There are 2 protein chains.
Amino acid sequence: MTQIPPIAKASIDAIRMLALDAVEQAKSGHPGMPMGMAPAAYVLWTEFLKHNPKDPHWPARDRFVLSAGHGSMLLYALLHLTGYDLSLEELKRFRQWGSKTPGHPEYGHTPGVEVTTGPLGQGISTAVGMAIAERKLVAEFGEIAEHYTYVIASDGDLMEGVSAEASSLAGHLRLGKLIVLYDDNEISIDGSTALAFTEDRLKRYEAYGWHVVPGVHGEDLEAIRAALREAQADPRPSLISVRSIIGFGSPLAGHHKAHSDAMGPEKVAATRQALGWPYAPFEIPEEVYAHYRQAIARGQQAQAEWQRKFEAFAKSHPEKAAEFQRRLGRALPLGWESHLPRFSAGEKLATRAASGKVLEKLVPVLPELMGGSADLTPSNNTRTPDMTDFGPENPGGRYIRYGVREHAMGAAMNGIALSGALRPYGGTFLVFSDYMRPAIRMAALMGTPTVFVFTHDSIAVGEDGPTHQPIEHLMSLRAIPNLWVVRPADANETAAAWKLALARTDGPTALILTRQALPVLAGVRLEGVERGGYILSEVPNPQAAIVATGSEVALALEAQQLLAEEGVAVRVVSLPCWEAFEAQPEDYRQAILPKSLPTLALEAGTTLGWERYAHKAVGLDRFGASAPYADVYSKLGFTKERVAAEVKSLLGV
Amino acid sequence: MTQIPPIAKASIDAIRMLALDAVEQAKSGHPGMPMGMAPAAYVLWTEFLKHNPKDPHWPARDRFVLSAGHGSMLLYALLHLTGYDLSLEELKRFRQWGSKTPGHPEYGHTPGVEVTTGPLGQGISTAVGMAIAERKLVAEFGEIAEHYTYVIASDGDLMEGVSAEASSLAGHLRLGKLIVLYDDNEISIDGSTALAFTEDRLKRYEAYGWHVVPGVHGEDLEAIRAALREAQADPRPSLISVRSIIGFGSPLAGHHKAHSDAMGPEKVAATRQALGWPYAPFEIPEEVYAHYRQAIARGQQAQAEWQRKFEAFAKSHPEKAAEFQRRLGRALPLGWESHLPRFSAGEKLATRAASGKVLEKLVPVLPELMGGSADLTPSNNTRTPDMTDFGPENPGGRYIRYGVREHAMGAAMNGIALSGALRPYGGTFLVFSDYMRPAIRMAALMGTPTVFVFTHDSIAVGEDGPTHQPIEHLMSLRAIPNLWVVRPADANETAAAWKLALARTDGPTALILTRQALPVLAGVRLEGVERGGYILSEVPNPQAAIVATGSEVALALEAQQLLAEEGVAVRVVSLPCWEAFEAQPEDYRQAILPKSLPTLALEAGTTLGWERYAHKAVGLDRFGASAPYADVYSKLGFTKERVAAEVKSLLGV
């Protein structure tokens with residue numbers, strides 16, 4: 001192991017002490033990982049990472065993902081030291097209300113943070129999506145879109161199933177520009193990894209088809225450098241095992257107690273002593289700043305070079321260059337909505353089929369759309385005839401075969417969306433939204449405009465039975481802040497739902513679609529869908545309302561008819577998107593669903609939550625059953641007679 | 001490859017044709033897997049599986065888990081043919097309303113079905129729990145508890161992250177009696193596994209520390225036999241790669257179209273022809289029945305031998321034998337509740353800490369308790385001083401280090417519970433309940449009495465910020481049918497919550513516990529908790545009620561006090577468990593929360609759903625923020641002043 005030059009040692013120790021002192025000041029946080037991984041991060045950020053601290057949005061920057069998000073002080077220290085808009089004051093306010101330095105890195109909150117991390121496994125899996133996006137955009141726009149995606153991942157990241165799924169996918173797709181520094185410190189919260197994690201991690205990654213660099217000493221800068229060079233050169237994704245020591249330099253070095261919490265003044269002082277760091281807390285010597293902030297000049301130069309390339313590209317390919325800029329701005333092409341298909345009353349088709357037809361029209365006009373499915377392509381209707389499969393031999397392909405890996409799909413979609421220039425959608429059955437729920441939450445938290453295509457949306461799945469019949473899923477998704485859930489009632493509402501989803505730029509949308517065919521309804525209004533809810537069928541002087549979503553809207557209309565025959569006048573309201581409806585002014589909402597009008601909710605899912613809009617609910621607070629769908633549907637109470645009876649009971653007639 | 005004896009061929013083809021004909025009759029289902037794996041299943045069930053069709057509950061039976069649950073006809077055919085109480089009529093009613101042959105196997109519904117499967121990855125991961133339980137029970141009770149756990153798993157099972165987590169854990173724990181037949185047919189729904197699943201699966205399992213048998217020809221009975229023998233002899237868990245052909249014998253053999261759906265009369269006829277099967281649909285030749293039903297005599301003999309062993313054991317260890325029988329009956333020892341600790345008003349402790357103290361008392365008196373955590377032991381307070389870690393060197397250990405593998409933990413807990421003789425509990429942060437949600441749903445669907453210990457239950461997590469602060473989780477869990485969610489308000493309610501959870505034998509319970517310290521409250525009533533909700537603090541002639549859960553109950557009491565000073569009389573209701581409350585008679589519920597009493601809900605989570613009990617809700621319909629918990633809590637509106645103001649606004653005063 002070669003000697004570490006003094007400036008490198010000081011620069012590395014600056015990270016360590018900033019992490020230790022910030023945690024000490026906050027009286028909470030995770031000093032261990034930043035202290036252990038400081039040398040690897042130092043080499044990466046000063047010698048490899050192509051970035052411009054003065055323009056964190058430069059499209060060709062390398063991406064850095066701190067998958068082990070609890071080590072956020074590592075990232076904040078690097079951002080501050082290399083000259084991002086993150087002041088020392090902010091570091092002092094680590095984990096305080098309103099600071100730019102929250103406990104875990106938050107995308108959109110702190111300049112230079114590429115992705116929100118903390119829930120283990122998400123960062124590395126999102127990075128797989130970032131690397132997919134890079135390959136795709138290079139295929140479209142050439143070298144102006146090129147970049148590496150670097151990740152620091154922990155034992156915890158590698159234990160989580162989502163990273164296993166995503167890493168298998170990354171190997172399959174040969175994402176050579178994805179480079180993971182694995183903090184192989186053999187410590188997790190409970191103690192040594194010997195307690196629970198004794199598998200051969202490197203062999204596992206080899207099995208995924210990755211390039212693996214074993215046993216890189218965590219303090220050996222030259223070895224880290226060599227490993228990164230090797231990784232850059234290899235056409236496969238790379239995993240570099242960095243044998244670091246958690247809490248390096250502190251009295252808790254190598255112990256799981258170094259993972260989290262303030263160490264206390266004595267241990268902090270002992271660390272200062274051990275590292276030979278004579279400076280006060282948050283004091284950084286000028287030469288360390290000067291050393292790190294070479295990143296600015298280097299970054300500006302790199303970006304200027306890129307800018308020249310971009311301008312040459314714009315000259316030779318003006319349309320493509322304009323397209324690249326349009327896409328990065330997330331502006332959809334003018335008039336794209338005019339391509340949405342209209343369906344005629346009288347037709348009968350499942351909303352998943354309608355969704356497929358919508359995609360057939362949109363895929364040609366929205367090149368940013370990148371589709372996929374978790375091995376349910378024929379069921380989700382997510383692949384259009386224009387699409388080819390994305391892969392190493394076809395990086396321009398627009399369809400991703402995610403395999404039976406819902407969770408990796410969700411995380412990868414987040415990464416694809418973070419490119420700015422691609423709009424991912426991905427399909428699975430609604431019941432399996434549970435498998436990807438942590439990634440859906442990350443989308444909502446980051447505000448990535450991903451579109452989830454969840455088909456087979458109720459007990460009307462039929463024969464596959466209760467394991468495949470969602471009950472609680474609709475309401476559980478509605479409970480996630482900033483996720484919009486749209487359950488269209490027919491084919492035209494499905495077209496409007498896609499419009500609603502793609503018009504969103506600040507968060508994800510879940511489309512909830514049927515397996516079974518539904519009639520195309522008279523009275524559907526696209527702007528009604530966009531407002532979240534509307535009167536689909538009005539009657540003079542309604543005595544009651546039925547508010548329904550999706551497949552139950554047609555049933556509501558049947559019940560309305562039956563009730564009309566009995567002299568009961570009932571309004572039918574379609575409420576495909578609660579979130580959009582709740583964003584409407586009070587008077588609009590009151591006009592649709594007046595509090596005074598006796599209202600029955602009708603949805604083939606849990607009744608919990610429907611008290612918000614209705615006085616009574618027909619739904620399902622039990623699991624479903626296996627039988628042909630018409631049988632399950634009627635046996636579990638979804639008949640016009642039952643609905644009519646419930647309305648009458650509500651009216652006391 | 002040696003010749004297949006005629007009776008074996010007929011017996012194998014009987015499975016194939018039953019599967020094909022049943023799917024044809026149902027006009028839905030999955031014939032491909034049963035047809036491909038029939039030979040392997042035949043060898044396993046006729047030569048290896050220790051079972052007694054006449055007593056599917058025999059405790060020492062080998063367990064068989066069809067992880068690829070979509071191939072349910074394979075299992076139904078075997079159960080019928082070997083003589084379980086599953087008639088030919090039921091096979092003819094495959095996937096029909098009320099039949100014993102639902103689309104996917106359902107535990108508790110069909111005799112001989114050990115576990116509900118269908119959602120991919122769950123079966124194999126649950127089997128890991130079954131194998132854990134076996135090792136643990138053998139350590140306690142000796143050879144009377146011994147059995148193998150056999151699994152048939154598909155490509156989809158191996159792609160799912162949960163199986164990756166569980167398989168890594170199984171390798172770590174050296175669960176040598178776990179044997180997986182991997183249906184390595186290179187086909188998934190979208191097409192060839194070349195589309196998405198090109199990793200080296202066998203190498204990956206080697207990396208997990210498994211014994212792997214490569215390349216067993218799917219039609220080579222002798223090779224299957226040899227592989228199973230080898231697997232039985234090996235001290236590691238085994239994965240046998242069975243190179244089967246999906247839809248074997250049919251014109252769609254080897255094609256992904258063989259995976260699902262009825263093939264149509266022509267292809268069914270062609271299959272009859274190809275297999276040389278002259279019989280009508282659902283006609284099984286007598287010699288095939290006779291061959292399979294040797295299982296009955298063999299099983300009865302094996303069980304009789306076991307019974308003799310058990311009686312000898314009962315003679316030499318009467319207490320242990322009685323304990324074994326008590327445990328299998330899921331009866332808790334008489335008077336166990338008397339060990340629950342009581343906490344005194346004036347103390348202040350987090351409910352997670354109270355839960356730890358409850359466990360310290362219960363672990364010694366309830367030997368069926370088997371604890372664990374997903375690498376958050378110090379935070380979840382799940383490990384008591386009496387517990388040692390379960391592992392190959394210590395199979396009697398009662399604590400499982402699951403690693404950062406929430407999903408595998410959930411699935412394994414299901415398998416442990418299915419043993420009947422163990423009551424598993426496992427901890428993680430509430431926000432990470434999302435990672436294990438599919439397994440929680442399986443617990444609810446199967447009715448396994450698992451206990452989830454979800455700590456760090458609100459924004460009061462504090463500095464870790466929004467990635468670690470649950471918002472939607474409480475309500476999302478309440479939405480799952482048959483899951484009981486209990487959020488105790490203080491230490492004594494926590495003791496009652498554990499009582500409620502352990503008294504349940506027909507489904508899972510989630511305990512929702514705080515990170516932060518809470519005062520021990522006056523007025524807590526254990527039977528109130530058991531009834532789900534009760535008046536914690538009454539006032540004469542209440543003008544309003546505040547209904548709260550968990551940490552917000554103490555805040556409600558503060559607001560009550562403040563309002564009293566202003567002359568507003570407010571009742572405080574603690575509602576720790578909605579499900580238990582909803583099971584109470586109407587008059588009880590009305591006495592606690594009369595519809596006519598203006599009621600404010602108070603819970604640091606989504607307001608969605610609270611309309612069920614309250615006219616207005618103070619909650620959170622946004623993500624949290626990183627800051628010390630008292631700051632986050634008050635900045636986001638959880639102050640007595642705000643609550644009091646909301647009550648007054650509700651009253652219009």
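Predicted model: local features only at pLDDT ≥ 70, side-chain atom pairs only at ≥ 80, totals over all residues.

Q: Which helix holds Gly156(A)?
A: Gly156(A) is in helix H6 of chain A, residues 155–159.

Q: And where is Asn185(A)?
A: Asn185(A) is in a loop of chain A, between E3 and strand E4 (187–188). Another "binding site" annotation from the unreviewed UniProt entry covers Asp155(A), Asn185(A) and Ile187(A).

Q: Do those cluster in space or spread out?
A: They cluster: the largest C-alpha distance is 7.7 Å, although the residues are spread over 33 residues of sequence.

Q: OK, switching to sheets. What's the strand order in the chain A one?
A: The order is E1-E2-E3-E7-E6, five strands in an open sheet with parallel pairing. Strand E1 (63–66) and strand E6 (211–217) of chain A are the edges, each pairing on one side only.

Q: How much are neighbouring strands turned against each other there?
A: By 15° on average, ignoring direction.

Q: How many bridges between E6(A) and E7(A)?
A: Five bridges, in the parallel sense, with E7 of chain A being residues 238–243. His211(A) stands opposite Ser238(A) in that pairing.

Q: Which helices lie across this sheet? Start with H2 of chain A: what does it cover?
A: Helix H2 (residues 32–48) of chain A lies across E1, strand E2 (149–153), strand E3 (178–183) and E7 of chain A. Its angle to E2(A) is about 170°. Helix H5 (residues 122–141) of chain A lies across E1, E2 and E3 of chain A, and runs at about 170° to E2(A) too.

Q: What about H5(A) against H13(A), what angle do they pack at?
A: About 150°, with the axes 10 Å apart; H13 of chain A is residues 318–328. That angle is over 145 degrees, so H5(A) and H13(A) count as roughly antiparallel.

Q: Which residues meet there?
A: From H5(A) you get Leu137(A), Glu140(A) and Phe141(A), and they meet Lys320(A), Glu323(A), Phe324(A) and Arg327(A) in H13(A). By type, the contact has three nonpolar, no polar and four charged residues.

Q: Over to chain B. What's the strand order in its sheet?
A: E10-E9-E11-E12-E14-E13, an open sheet of six strands with parallel pairing. At the edges are strand E10 (399–401) and strand E13 (484–486) of chain B, each pairing on one side only. Neighbouring strands are turned by 20° against each other on average, direction ignored.

Q: How many bridges join E9 and E11 of chain B?
A: Three, in the parallel sense, between strand E9 (residues 369–373) and strand E11 (residues 423–429) of chain B. Met370(B) has Pro424(B) in E11(B) as its bridge partner.

Q: And helix packing in chain B? At what angle do H5(B) and H16(B) meet?
A: At about 55°, with their axes 6 Å apart; H5 is residues 122–141 and H16 is residues 406–418 of chain B. That makes the pair oblique, and the crossing is right-handed.

Q: Who's in that contact?
A: H5(B) brings Gln122(B), Ser125(B), Thr126(B), Gly129(B), Met130(B), Ile132(B) and Ala133(B). H16(B) brings His407(B), Ala411(B), Ala412(B), Asn414(B), Gly415(B), Ile416(B) and Leu418(B). The contact divides into seven nonpolar, seven polar and no charged residues.

Q: Last one: how do H7(B) and H16(B) pack, what angle and distance?
A: About 75°, axes 8 Å apart, with H7 of chain B being residues 161–173. H7(B) and H16(B) are therefore roughly perpendicular to each other. Val162(B), Glu165(B) and Ala166(B) of H7(B) meet Glu406(B), His407(B), Ala408(B) and Ala411(B) of H16(B).

How values were computed: Residues numbered from 1 in each chain as written. Chains lettered and ligands numbered in written order. Heavy atoms only, no water. Pairing = 2+ DSSP bridges. Helix = DSSP H or I, 4+ residues; strand = E, 2+ residues; numbered from the N terminus. Axes fitted to C-alpha atoms, helices over the stretch in contact; angles between N-to-C directions. Contact = heavy atoms within 4.5 Å. Parallel < 35°, antiparallel > 145°, perpendicular 65-115°, else oblique. Left-handed = near helix turned anticlockwise from the far one by under 90°. Nonpolar A, V, L, I, M, F, W, Y, C, P; charged D, E, K, R; others polar. UniProt positions renumbered as here; feature names shortened; annotations may be inferred.
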